[in-house]
Amino acid sequence: MDRLDRMRGCLLLSAAGDALGYAVEFDRLKEIQKTYGPNGIQSYELSPFDHKAIFSDDTQMTLFTAEGLLFASARKDRSEKEYIWLAYMDWLTTQFDDAPEPFQKCRILDEKRLHHRRAPGNTCLGALKGGVMGTMEEPINHSKGCGGIMRIAPCALVHRDRHEAAVSAAEASALTHTHPMGYIPSATMAFILHSIVWEEETDMKQIVLDAMHDTEELFPGNAYMPEYMDLMNRAVACAENSKSDMENIRELGEGWVADEAMAIAAYCAMRHPTDASAVLRAAVNHDGDSDSTGAVAGAIVGAMIGKEAIPAEWTKHLECRALIEAMADDLFKAAQDPASLPKMYRSEVIQ
Ligand SMILES: [Mg+2]
């Protein structure tokens, strides 16, 4: 399978998991089962207006992360995290009319379908409106919500270097979530995606174990690491027991916070490493943040199987499908040769 197919698969199945889960984001499992039956939601709840599968802020922000990375890879006048921050400021304009200091350069702003509020996280909105970039060194809040990890898959696609991919993902998350558990799990996620996309590893359990090991090395002595590694080890153990996905995910949390979202997504990916439908259904049917766990798990398995292996039911009705693919294509170009990116990313130096 070629790398471009993996990158497309990553972003598409992530959006699909987000869209499947968005319909039940705030529902407890019991409520989901009451509506959709004992196995929970199994297929998209299509918009009654145009029969599209609607995704949430998770995918919106993932696409804006991609835009920031494209600008950063083609221009060297600002740091990567600054360009991602600027792209998020453009996302903010899609949520509010009076957003502060928009960048107004992201080409995806032209896509009207992105100009909708889809339950955006208060931490993201608050941090961006506050106008101060969060960093790992200079915290702006104490949030470990999953709003950071849900949007950083593009960081692992564009960076060939494993260490750079993980630092990029952690920094992009820390822009808005500066509790260590708000950005450290993003490094784990980037390590997992990097193994799949760039190293063509296929043993999902080993991929997760390697990512855990590398995360510990990247943040030596972090006070929260032992507890996080316990949780991740529980995910690894759960993936090998005989219990149902619903029972196992209950053991791992609800995914509103980033460490739990990573654990749930890693568990789902280890249980269903090559089955797009099974991983999405597992990842969204629980008490917690279904769209974010769906998005994170979908990104992992989508990268593993590639776009061509994703069943049509997950791509056919997905809104902005062509745009998502186009962003994956440009991330691929940025990783190969930034000079081949569309001119708008390269041309002018931004003041
Ligand atoms: Mg969401």
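Visitor: Is D291 buried or exposed?
Guide: This is a predicted model, in which local features need pLDDT of at least 70, side-chain atom pairs count only at pLDDT 80 or more, and totals for chains, interfaces and linings use all residues. Residues are numbered from 1 along each chain as its sequence is written, and side-chain values use heavy atoms, with hydrogens and water left out. Buried means under 20% relative accessible area, exposed over 50% and partly exposed in between, with a 1.4 Å probe and protein chains only. The relative accessible area of D291 is 0%, so D291 is buried.

Visitor: Which residues coordinate the magnesium ion?
Guide: Donors are N, O and S atoms within 2.8 Å of the metal (3.2 Å for Na, K and Ca), and water is not among the atoms, so sites may look incomplete. The coordinating atoms lie at 2.1 to 2.4 Å, and the spacing of their residues in sequence is S-D-D-x232-D. They are the OG of S56 and an OD each of D57, D58 and D291.

Visitor: How many residues apart are S56 and D291?
Guide: S56 sits in the loop between α2 (29-36) and α3 (57-74), while D291 belongs to helix α14; helices here are DSSP runs of H or I of at least four residues and strands are runs of E of at least two, numbered from the N terminus. S56, at a relative accessible area of 0%, is buried. The pair links distant parts of the chain, and the separation is 235 residues.

Visitor: At what angle do the axes of α13 and α14 cross?
Guide: Axes are lines fitted to C-alpha atoms, for helices over the stretch in contact, and angles run from 0 to 180 degrees between N-to-C directions. Under 35 degrees counts as roughly parallel, over 145 as roughly antiparallel, 65 to 115 as roughly perpendicular and the rest as oblique. Helices α13 and α14 are therefore roughly antiparallel. Their axes (α13 is 276-284, α14 is 290-305) come within 8 Å, at a crossing of roughly 160 degrees.

Visitor: Is the crossing of α12 and α14 left-handed or right-handed?
Guide: The axes of α12 (258-271) and α14 come within 8 Å and cross at roughly 45 degrees, so the two helices are oblique to each other. From α12, the contact takes A261, M262, I264, A265, C268 and A269, and from α14, T293, V296, A297, I300 and V301. By class this gives 10 nonpolar, 1 polar and no charged residues. A crossing is left-handed if the near helix is turned anticlockwise from the far one by less than a right angle and right-handed if clockwise; that of α12 and α14 is right-handed.

Visitor: What is the distance between the axes of α10 and α11?
Guide: Helices α10 (225-238) and α11 (245-252) are roughly antiparallel. L231, R234, A235 and C238 of α10 meet N248, E251 and L252 of α11, a contact of 4 nonpolar, 1 polar and 2 charged residues. The packing angle is about 170 degrees, and the axes are apart by 10 Å.

Visitor: Which residues does D214 contact, leaving aside its neighbours within four places in sequence?
Guide: D214 lies in helix α9 (204-218) and is buried, at 18% relative accessible area. Its C-alpha atom is 8.7 Å from that of A187, 27 residues apart along the chain. With those neighbours set aside, the contacts of D214 are R162 and F191.

Visitor: What is the relative accessibility of Y183?
Guide: Y183 is in helix α8 (180-197). Leaving aside neighbours within four places in sequence, its contacts include M136, H177 and F219. Y183 counts as buried, at a relative accessibility of 7%.

Visitor: Phi of C320 is near what value?
Guide: C320 is found in the loop between α15 (312-315) and α16 (321-336) and is buried, at 10% relative accessible area. Its phi is positive in a residue other than glycine, near 55 degrees.

How values were computed. Contact = heavy atoms within 4.5 Å. Nonpolar A, V, L, I, M, F, W, Y, C, P; charged D, E, K, R; others polar.
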